[in-house]
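Subject: Structure for you to look at

Hello,

Here is the structure I said I would pass on. Please open it and keep it beside this message while you read.

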Amino acid sequence: MADTGSAQDHGRLAQFEEHRGRLWGIAYRIMGTVADADDAVQEAWLRWQALPDEPPVASPRGFLTTVVSRICYDLLGSARARREMYVGPWLPEPLLGGAGGTPPVAPVAPDGSGPEDRVTLDESVGMALLTVLERLTPAERTAFILHDVFAVPFPEIAEAVGRTPDSVRQLASRARKRVRAEAPRRTVDRAEHRRTVEAFLGAVMGGDFDALLSVLDPEVVWRSDGGGKVSAARRPVLGREKVARYVRGLVTRGAEQQNLRVAMVDVNGATGLAFADATGRQAGVFAFTVHEGRITEVDAVLNPDKLGHLDLDRL
């Protein structure tokens, strides 16, 4: 006789794996860290596994989406308290185009049609937008991501955050307005973005200060996340001249490091840079926001705790 229990377990695992990419994508966008996203998905699996066989879940996709969202919503409250004590700017953990075993940047596209102003999946995982989402309340962030990015209906979001559907609708609307107001202007032309990052790298590596100035927007912002673990600016560096001098200082210090490797890589869906030295003691990932051929924002993740999931040895 067939092992009915084992067959049911395999069926349940197969259902979960079918939605794992979507669940991880939701968790990463809500939490902003790979470790927290992994933990949320694992906890969702444990809860899914513990469900009784009867009655069967009518919509595994909807159920698992609600479960992982609720887990992240609860985690985000305590995470925000920790981030308020963080040394220097707190930036999301970068994804390098699937490097280091991370899940794909873009999960399965949402079903059905939605608001015309919905952000795309690529935009929603960009470092610039994730940084803006840090300024939202946990409820606003969860509602915005679930509705505007993943097309989750308001009644399901309400269940995840413990609010009424009307309240959740207001949360998503408020979050959307803030994102529109605070998200930086950026090009959607991937080729233009790449050319601009190439020009930045060429100017830096060639020591051409004037060329570096020409590729930076007059109001460029440079944020460094060292977390108090490595040397990094604890306040944003503002303005073209200051950023250019700051970068020149980084290059001067970096020139003292032997075997420093720098490479252009895909960072959260757009061309960025990663570097590492032979000893592994120095490493970092730079994400860029580009508008009209100039760099308007640079997010430099240098905290080694936020780079452990990446395989920078392959640079």
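The protein chain has an average pLDDT of 86, and 87% of the residues score at least 70. The exception to keep in mind is the stretch of residues 98-120, where the pLDDT is below 50. This stretch does have 44 contacts in the model beyond near neighbours in sequence. Even so, where pLDDT is low, the predicted coordinates should not be read in detail.

The largest nonpolar core has 48 residues, and Phe16, Tyr28, Val68 and Leu133 touch the most other members. Helices that each supply at least two residues of this core include H1 (4-31), H3 (60-84), H5 (127-133) and H8 (165-182). Another core, of 26 residues, lies apart from the largest one. Among its members are Leu213, Val243, Phe286 and Val298.

Then there is helix H9, which covers residues 190-206. H9 has 17 residues and spans 24 Å from its first C-alpha to its last, close to the 24 Å expected at 1.5 Å a residue. After H9 comes Gly207, with a positive phi near 65°. Which residues of H9 are buried? They are Glu192, His193, Thr196, Val197, Phe200, Leu201, Ala203 and Val204. To make sense of the spacing in that list, recall that an α-helix has 3.6 residues a turn, so residues three or four places apart point the same way.

Last, the strands. Strand S5 (residues 283-291) is mostly covered, with eight of its nine residues buried. S5 pairs with strand S4 (residues 270-276) in the antiparallel sense over four bridges, and Ala274 stands opposite Val285 in S5. S5 is also joined to strand S6 (residues 294-301) by seven bridges, again antiparallel. Here His291 stands opposite Arg294 in S6. S5 and S6 form a hairpin with two residues between them. In the turn, Glu292 has a positive phi of about 50°.

Regards

Definitions and conventions
Residues numbered from 1 in each chain as written. Predicted model: local features only at pLDDT ≥ 70, side-chain atom pairs only at ≥ 80, totals over all residues. Heavy atoms only, no water. Expected span 1.5 Å × (residues − 1). Buried < 20%, exposed > 50% of the residue type's maximum accessible area, 1.4 Å probe, protein only. pLDDT = per-residue confidence, 0-100. Contact = heavy atoms within 4.5 Å. Core = buried A, V, L, I, M, F, W, Y, C linked by side-chain atoms within 4.5 Å. Pairing = 2+ DSSP bridges.
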